Amino acid sequence: MSVCRAPPLSVNSKVRTAVKTDIRSLQFPELEEQVRELGLADYRARQIVDWLYKKRAQSFDEMTNLPQEVRARLAERFTFDKIDVARVLGSRDTTRKFLFQLADSNLIESVLIPASPALYGSRSDRRTICVSTQVGCAYGCKFCASGLEGFSRNLRPNEIVDQIIAVERATGEKVDNIVFMGMGEPLANLENVMGAIRIINAPWGLGIGARHITVSTSGLAPQIRQLADEQLQIRLAISLHGATDEVRNQIMPINRRYNLETLLAACEYYASRKKQRLTFEYILIANVNDSPDQARRLGRIARRLGAKVNLIPYNTVEGLPWSRPSREQQEQFVSILREAGVAATLRREKGHDIDAACGQLRLQTKRELQPAAS
Ligand code: SAH
Ligand code: SF4
């Protein structure tokens with residue numbers, strides 16, 4: 001069922017059983033339609049989106065150029081959920097991590113990464129936010145904190161967009177690069193993620209260019225093809241983490257559903273439809289995927305697809321046995337790729353000290369809140 005659709009209008013609000021839509025999950029044409037059905041003048045839709053995305057109102061009551069009665073009718077029809085900052089780690093000029101509590105008390109996290117050169121194809125001076133798309137994750141990669149506690153639910157478009165708005169409000173900074181690399185698998189929540197991306201990209205919304213939006217996936221091949229057919233020129237990053245089925249099968253259960261050959265065929269299709277180059281994310285985990293043989297194979301794959309490689313030294317997760325290779329080993333891996341003619345970067349994990357990788361702050365907070373006995 002689409003979450004972007006409001007409940008049927010002919011139904012009396014007293015007997016309406018459908019869950020109300022959040023007003024910030026609507027696209028502009030949908031809002032225009034709703035405004036018309038409420039019997040309001042067309043220009044009201046424009047006033048409402050200005051309140052939502054330009055003036056960043058947090059309630060209908062703030063929309064002071066709408067008559068009180070109109071605000072009341074909007075409040076009757078739509079929800080206007082807020083996400084609350086539950087915890088912030090880090091400080092200005094470093095990576096900052098935000099833990100948010102959703103209206104239903106679930107916890108999600110976003111990370112604000114300060115300007116750094118050439119992260120995901122962007123120029124320097126860009127402030128990047130890493131957003132979550134689900135509460136938890138069903139894909140269970142062996143190294144990842146987000147997968148540890150399983151999957152709770154998909155985030156709705158407004159809950160995705162609101163992470164950006166809330167971080168900008170909390171920091172007073174403007175975000176200009178978005179990566180879908182927080183908690184969750186974006187392509188398993190594709191409809192809501194695309195709804196959020198349209199709002200982020202639209203001139204009436206946040207107005208951030210598609211080339212400054214990167215979606216990351218662990219390898220859902222059919223959805224990669226679906227994304228390839230979308231008009232928007234957003235960037236795609238593939239979490240490869242292994243250059244053979246043998247290595248991927250060990251750490252990423254998704255590889256048993258879509259093996260490397262199937263995944264790479266979908267990537268080839270994507271590359272043929274888009275102007276932007278693909279990025280392969282590759283976490284370096286000691287004695288798992290960091291051998292010279294894996295580097296050579298990864299080089300061949302990246303060359304074939306004209307993709308860049310982003311190497312990330314593994315961020316340790318409490319309770320998991322994995323660790324990052326030595327600095328020398330990391331350097332050796334990157335030089336094999338470069339010698340093969342691949343554009344490869346080795347990321348010094350900026351947020352290492354504050355557990356910046358996916359799902360870690362939420363996990364840590366939940367562990368602190370739960371007594372050891374549970
Ligand atoms: N589910 C999507 C997007 C969220 S994960 C995906 O898997 O691509 C975002 C990135 O963080 C992925 O590349 C993921 O493999 C990586 N990641 C997860 N845990 C990590 C850790 N402990 N250290 C470093 N990177 C990690
Ligand atoms: Fe899910 Fe991505 Fe973590 Fe894998 S790496 S468990 S797909 S969030």
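I count Ala, Val, Leu, Ile, Met, Phe, Trp, Tyr, Cys and Pro as nonpolar, Asp, Glu, Lys and Arg as charged, and the others, Gly among them, as polar. With those classes, I sorted the shell around ligand 1 into 10 nonpolar, 9 polar and 2 charged residues. I keep in mind that this is a predicted model.

**Entry 1: ligand 1**

I asked how many residues surround ligand 1. I found 21. The closest are G184, S216, S239, H241 and N315.

The side chain of S239 has an N or O atom 2.6 Å from an oxygen atom of ligand 1. For H241, I also read 2.6 Å, from a side-chain N or O atom to an oxygen atom of ligand 1. N315 uses its backbone: an N or O atom there lies 2.9 Å from a nitrogen atom of ligand 1.

Then I checked burial. Ligand 1 taken alone exposes 530 Å². The protein buries 93% of that area.

Which elements give two or more residues to the shell around ligand 1? I noted β8, residues 213-217, and β10, residues 279-284.

**Entry 2: ligand 2**

I turned to ligand 2 and listed 11 residues around it. C137, C141, C144, G184 and S218 come nearest. By class, I got 6 nonpolar, 4 polar and 1 charged for the shell around ligand 2.

**Entry 3: helices α4 and α5**

I moved on to helix packing. Helix α4 covers residues 157-171, and helix α5 covers residues 190-201. I read an angle of about 45° between them, with the axes 8 Å apart. Are they parallel or oblique to each other? The pair is therefore oblique. I logged the crossing of α4 and α5 as right-handed.

**Entry 4: helices α10 and α11**

Helix α10 spans residues 292-305 and helix α11 spans residues 327-339. Their axes come within 9 Å and cross at roughly 30°. Angles under 35 degrees count as roughly parallel, so I put α10 down as roughly parallel to α11. What is the handedness of the crossing of α10 and α11? I noted right-handed.

Terms used: Residues are numbered from 1 along each chain as its sequence is written. Chains are lettered from A and ligands numbered from 1 in the order in which they are written. This is a predicted model: local features need pLDDT of at least 70, side-chain atom pairs count only at pLDDT 80 or more; totals for chains, interfaces and linings use all residues. Side-chain values use heavy atoms; hydrogens and water are left out. A residue is near a molecule or strand if one of its heavy atoms lies within 4 Å of it. A polar contact is a pair of N or O atoms within 3.5 Å; within protein, one must be able to donate a hydrogen and the other to accept it, and residues adjacent in sequence count only if both atoms are side-chain atoms. Accessible areas come from the Shrake-Rupley method with a 1.4 Å probe; for residues, only the protein chains shown count as cover. Helices (H or I, at least four residues) and strands (E, at least two) are DSSP runs, numbered from the N terminus. Axes are lines fitted to C-alpha atoms, for helices over the stretch in contact, and angles run from 0 to 180 degrees between N-to-C directions. Angles under 35 degrees count as roughly parallel, over 145 as roughly antiparallel, 65 to 115 as roughly perpendicular and the rest as oblique. A crossing is left-handed if the near helix is turned anticlockwise from the far one by less than a right angle, and right-handed if clockwise.
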